[in-house]
Every structure is written in C-alpha cells, then in structure tokens.
Amino acid sequence: MRDMGAPHDVGDLVENLRLELRRGCLVLAVLAQLRTEQYGYTLRKTLAEAGLPVDEGTLYPLLRRLESQGLLASEWREEESRNKRFYRLSAAGRSVLKQLVTEWRGIDASLTRML
Amino acid sequence: MALLDRYLNAVRNHLPAAQQDDIVAELADDLRARFDERAAELGRPLTEADEAELLKPFGRPLLLAARYRPRHYLIGPNLFPYYWATLKFALGVAVIVFAAVTITLAVAGRPLEQVFDVLGQGTFNALLSVFTWVTLVFALVDVAAAQAKKWDEWDPRSLPRGTQPASPRSRVEVALDLVFSAAFATVWAATPHSEWLRTLANSPLELGPAWATFYVPVLVVVIASMAAKAVTLVRPDLATFRFVASLVTTVAGVGILMLLLGAGDLLVPAGPDARAEALVRVANQGLRISFVVAIVINVITTALDARRYLQGRHARFS
C-alpha cells in the first residue's frame with residue numbers, strides 16, 4: 001500500500017474526525033431531545049449534560065434549518081420575564097426521527113460487530 | 001455600547017434582512033442567559049474581558065451569520081471541476097492571445113510603450129475579466145441548477161461504453177488546437193485593417209482582391225470551429241455533437257477552399273517589381289497545391305472520424 005501525501009498532525013486529524021463523527025449524530029440528538037418542548041439555551045445544556053456538547057454558534061442555525069425543513073415547529077413565548085423561542089418536534093419530525101432511530105440502531109449494531 | 005450589543009449588531013449586519021430581528025432576538029436571549037449564569041458563578045458583574053471570553057467561542061460575527069444562510073459556497077462540488085477546467089483553459093487562451101498580440105505589435109514596429117501597455121495593463125485586465133465572467137456565469141448556473149434540482153438528474157446509462165477515452169484526442173491536443181485557431185482568428189480579423197499583415201510583413205507580395213469575399217466566411221467558420229472545440233474540451237463525452245460540429249465545419253471549410261481554388265490569383269505583386277511577377281506565379285501555384293492537399297486531408301480525416309463515430313454508435317446500441 002502506498003503512503004499518500006505528507007504526514008498529518010495526528011492530534012488534529014483525530015480532532016477533525018471526531019468532530020465530523022459527532023456532527024453527524026447531532027441532528028438525531030436534537031430531534032430526540034425536542035420530543036419535549038425546549039428553548040435553545042436549555043437544549044444546549046441538556047445535550048452537554050448528556051455528553052454531546054454542541055459547538056457555540058452551531059445549535060441555532062441547525063434549529064432554523066430543521067424548522068425550515070418542517071421537522072421542528074417553534075413559537076415565541078415569555079418565560080421568566082424573557083421572550084424565548086421554544087422548539088418542539090413536528091409531526092413530520094416525529095416520523096423522520098423514528099426512521100433515523102431505526103437507521104442509527106442498524107449502524108450501531110453493524111459497527112459493534114465490526115469494532 | 002456594551003460588548004454584547006456590539007457583537008449582536010455586527011451579526012445583524014450580515015444576516016438576511018427578513019430574519020435579522022428574529023435571529024438576533026434569539027441569540028440575545030441565549031447570550032444574556034449565559035452572561036447571567038456566569039455572573040452568578042463569579043458572584044459579581046461581568047467585566048468586558050469576561051464578556052469577551054464568553055463571546056469568543058461563537059466566532060466572528062460574519063462566520064456566525066453565514067451559518068444561518070443555506071448556501072455557503074459560490075460554486076458547488078457538482079460544477080467545480082467544470083468551472084476549474086474552463087477557468088484554466090480560458091486564462092491560458094487569454095495569456096496566449098495577448099502574447100501573440102504583443103509579439104505582432106512588436107514585430108510590426110509599434111512603439112515599445114504601446115507594446116508594454118498591451119502586455120502589462122491589457123493582459124491584467126483581460127485575465128481579470130476572464131476570471132470574473134467565468135466565475136459569475138458558473139455561479140449563476142450553479143444556483144439555477146440547484147434550484148431546479150438538476151444535479152440529481154443523472155443516468156449512468158449515459159456513460160460512454162468501453163474503456164477508450166470519450167474523445168479520440170486528448171484535452172491537451174484540443175486545447176492546443178483551440179489556441180492556434182484563436183491566434184489565427186485574431187490575425188485573420190486584423191488583416192483587413194493592417195497594412196503590415198495585408199502586405200505579408202512588407203514582402204514583395206500582398207493579398208489579392210479575391211480574398212475580400214472570403215474574409216467573413218473564413219472568420220465565421222474558424223469561430224464556429226473554436227466554439228465546437230471549446231465544447232469538446234469541457235464535454236469530451238458528447239460524441240454526436242463533436243462529430244456533427246466537425247462535419248459541418250469541415251464541409252464549410254472544404255467548400256471555401258474549393259471556391260478559393262477558382263478565385264484567381266490570391267497573391268499579387270505589392271509593387272511594379274519584375275522579380276515579384278515570377279514569385280507571384282510560384283506562390284499562387286504553391287497555395288493552390290496546399291489547398292488541394294488540405295482538402296484531401298480534411299476529407300480523409302472526416303471520413304475516419306465518421307467511421308469511428310459510427311462504430312461507437314454500433315457498439316453502444318448492439
């Protein structure tokens with residue numbers, strides 16, 4: 001086998017691959033967490049506490065994208081004397097989440113056998 | 001103005017106008033909650049340095065705002081290879097054309113100032129224009145194709161059969177051919193306006209009046225042939241187009257050559273020089289022979305192309 005290209009910094013490489021791997025799981029995690037209505041700040045904290053911290057500046061654009069795709073619904077409401085935007089899974093989101101969960105379990109089972 | 005407000009203001013400036021208020025309100029709520037939480041942890045109001053520390057991970061306002069936009073690139077991966085190939089080719093042609101023009105001006109004895117002006121300023125402007133237009137056209141095509149979901153339409157059965165390259169000529173060959181055609185077209189287009197070219201670089205011979213009828217037809221055929229070569233360069237897989245375009249331009253070219261054969265003396269003496277008369281006879285005879293040779297070569301090449309094309313079609317449909 002040929003050794004292609006210049007050697008990379010292994011630490012950087014691992015970090016990039018790790019981020020890539022986690023990024024792919026983030027949509028699933030967000031959809032799963034939004035089966036219960038939440039606003040961005042609490043969602044980010046919940047994800048971090050569950051071991052999936054989200055890059056700053058990534059969560060809100062992702063929520064907007066999922067909403068524009070019809071997977072989330074949102075509304076502004078006042079809570080603790082502050083206006084907050086609450087997100088929850090839409091009917092389409094629930095259906096997509098169900099399919100993604102099945103897919104995830106398949107990937108998980110396959111990888112578990114391989115690793 | 002507090003650092004948070006300055007940051008939000010900067011983000012707002014880069015957001016789509018219709019979503020500015022909504023996005024900034026949500027971001028402001030999140031950031032204020034973080035600021036409050038941090039202040040509670042520290043047991044004191046936040047300093048500007050504390051605020052900066054909390055804002056920094058969000059990234060520069062422009063980058064944060066860009067994440068809210070659906071499109072983060074000018075030319076996507078579907079079109080980029082074509083864009084890159086076209087850009088390299090167009091820039092290469094521009095450089096060669098300008099080099100040819102510069103050399104022509106220098107040989108024609110134009111002032112050095114004019115020559116350097118064309119070489120420097122002219123080339124730079126041309127390259128910039130080529131880059132701008134190619135990029136703009138490809139960006140627009142990419143947006144339109146993405147909206148029309150054209151990138152999803154692909155049929156593997158449209159792939160060429162066999163392992164032979166789609167075009168019997170390599171891209172380098174086609175590119176070189178195109179460059180020479182461009183150089184010829186430039187010189188040809190300049191000939192009616194240039195005494196130096198019309199008199200064949202101040203030789204004892206000059207182009208005869210018989211050429212006047214052929215300036216435009218020749219130019220049209222050369223430009224049409226260049227357009228066909230440019231398409232072949234970008235899409236070497238379009239075998240039918242390549243064959244038809246080659247057939248049409250060859251037939252037109254051969255037709256013009258045959259008309260030239262019967263057009264009388266194409267070269268005439270530039271002045272009342274007795275030696276030029278003999279030279280004219282030899283040169284016209286040589287020109288006629290070269291036209292006949294060119295006709296024969298073109299006919300044979302086209303026949304071979306036709307055979308190759310028909311064999312390719314037979315292989316595809318059998």
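**Close-up views of a pocket and a helix pair**

**View 1. Helix α1 of chain A gives the largest share of the lining of the second largest pocket, 6 residues.** The model is predicted: local features need pLDDT of at least 70, side-chain atom pairs count only at pLDDT 80 or more, and totals for chains, interfaces and linings use all residues. Residues are numbered from 1 along each chain as its sequence is written, chains are lettered from A, and side-chain values use heavy atoms, without hydrogens and water. Helices are DSSP runs (H or I, at least four residues), numbered from the N terminus. Two or more lining residues come from each of α1 (10-33) and α3 (59-68) of chain A.

**View 2. The second largest pocket has 25 lining residues, with A:T58, A:P61, A:L62, A:R65 and B:R67 nearest its centre.** A pocket is an open set of points on a 1 Å grid over the protein atoms alone, where a 1.4 Å probe fits, with protein on both sides within 12 Å along at least five of seven lines; lining residues have an atom within 4 Å of a point. The lining comprises 12 nonpolar, 4 polar and 9 charged residues (nonpolar: Ala, Val, Leu, Ile, Met, Phe, Trp, Tyr, Cys and Pro; charged: Asp, Glu, Lys and Arg; polar: the others, Gly among them).

**View 3. In chain B, residues B:L31, B:R34, B:F35, B:R38 and B:L42 of α2 meet B:D50, B:E51, B:L54 and B:L55 of α3.** Contact means heavy atoms within 4.5 Å. The residues of this contact divide into 5 nonpolar, no polar and 4 charged.
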